[in-house]
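Please look over the sequence and the model shown here. The paragraphs that follow go through a few of its places in turn.

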Amino acid sequence: MDKFIFQSHETLPEKVGEQIKKMIARGGSRRGDPLPSYREMCERFNVSLLTVKRAMDGLAKEGIVHVQPGKGVFVDREPAVQKRKLEQIGVVFFCSRKLMFTSQYLVEIFQGVLQEAEAIAADTRLFSIKNQGPMPPEEVEASGVDGVILVGVANERYLRSFALQHLPVVAVDVDAPDVPMEFVGADNVAAMQQVMEHLVALGHRRIHYVDGWSTDTTVSKSSGQPDPIIETSDVVERREAYVKTMRALGFGDGVVHGIQKSGGAGVSSAGAADVIARMNPALRPTAVLTYDTSIARDVIARLDELGLSVPRDISVAAVAGAGDALIGSATLCYNRVRFVEMGARAVQTLAARCQKSRATKTVVIKIGSDFVAGTTAAAAEPQGSER
């Protein structure tokens, strides 16, 4: 609730009008944006309905707002943006707190956020969708944050609820082309091309791809149902980049082994390895490319159980991952995404957004990766005319 400090010449409607102006400017509202209802204004400023009406009438005379009977009050003139200093950053992440601090790529993203936040003397506040449920943007803002970073949130409706509010916001490790927001994510196309070029240079032509999956944690916790399995932008981008690259190389569309979490419609990563192992050796892929390093580990473990040695019998590589991808004494062939840079860039982008109006279009910032040749991909054995 806003508190008023009066000057001697001000009336209550005038003071409420000034507060509404600040609210519009602070939010970076644009012409045509709706304002809260009169009753919501009454509750916000703890004043009567008559006071709010008089305040709105005054703003209408100034050309700040216009009233459409039966529809509401709308911004009529874009006010000067009230710049914010980013002192409190809200980090809303899709998973549980436990996963946030045990998953290597999430740890690296948060490391980048903390390092950059410290550099600009900002604090962070954490909100777990999995633990706390999908807090609405108004509730997150009420906690006192100046801007929000959404980490791994793939629900377009939830993203849009933040994009259409006044609170500065940036999303990390995901993107949605129809949501007016700034996104910071991995350059999946470049990562796919890099690892494919390496496999082709080793003589591989039969390269199968094992897909990825994720879940939407923004569903109601009261339903008692498991989080639905979804395809994030990373999943789609990597699969499409694989198919496009295979076509460009003249290898056809390639073979995609779709997998999903246990209990969903589909097979596990170990199940995909089973399918590959049962194939006729003459038709079996010489290399398996996986969505990420986690799936690669599962595939390698299962292939070993089935008597196929990596990389002697079959090579395995991953499109992307974090940290040092070690599997026993072997190093996985993969692209190490610069997740620390991703987190830092998110804070930099958010700080810049605090100085401007809210985003009106989708902006995607791509973060690169560093290729690691590793030891799980070796030269393909020539077989007939295909090599």
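Leaving out residues up to four places away in sequence, Ala330 touches Ala325, Thr375 and Thr376, where contact means heavy atoms within 4.5 Å. Ala330 belongs to strand E15 (residues 330-331); strands (E, at least two residues) and helices (H or I, at least four) are DSSP runs numbered from the N terminus. Between the C-alpha atoms of Ala330 and Phe45, which are 285 residues apart along the chain, the separation is 64 Å.

This is a predicted model, in which local features need pLDDT of at least 70 and side-chain atom pairs count only at pLDDT 80 or more, while totals for chains, interfaces and linings use all residues. Residues are numbered from 1 along each chain as its sequence is written, and side-chain values use heavy atoms, with hydrogens and water left out.

Another strand, E11 (residues 255-257), contains His257. His257 is buried, with a relative accessible area of 10%; buried means under 20%, exposed over 50%, and partly exposed in between, using a 1.4 Å probe and protein chains only. Apart from neighbours within four places in sequence, His257 is in contact with His208, Tyr209, Val210, Asp211, Ala272, Val275 and Ile276. With one of these, His208, there is a side-chain to side-chain polar contact of 2.9 Å. A polar contact is a pair of N or O atoms within 3.5 Å; within protein, one must be able to donate a hydrogen and the other to accept it, and residues adjacent in sequence count only if both atoms are side-chain atoms.

Next come the helices. Helix H9 (residues 188-201) packs against helix H10 (residues 233-248) at an angle of about 45°, and their axes are 9 Å apart. Axes are lines fitted to C-alpha atoms, for helices over the stretch in contact, and angles run from 0 to 180 degrees between N-to-C directions. On H9 the contact is made by Asn188, Val189, Met192, Gln193 and Met196, and on H10 by Asp234, Glu237, Arg238, Ala241, Tyr242, Thr245 and Met246.

Some backbone angles remain. Most residues other than glycine have a negative phi, and most peptide bonds are trans. Ala121 has a positive phi of about 60°, and Asp173 has one near 65°. Ala121, in the loop between helix H5 (104-119) and strand E4 (123-128), is exposed, with a relative accessible area of 64%. Asp173, in the loop between strands E6 (169-172) and E7 (182-186), is buried at 12%. A cis peptide bond, with omega about 5°, joins Val310 and Pro311.
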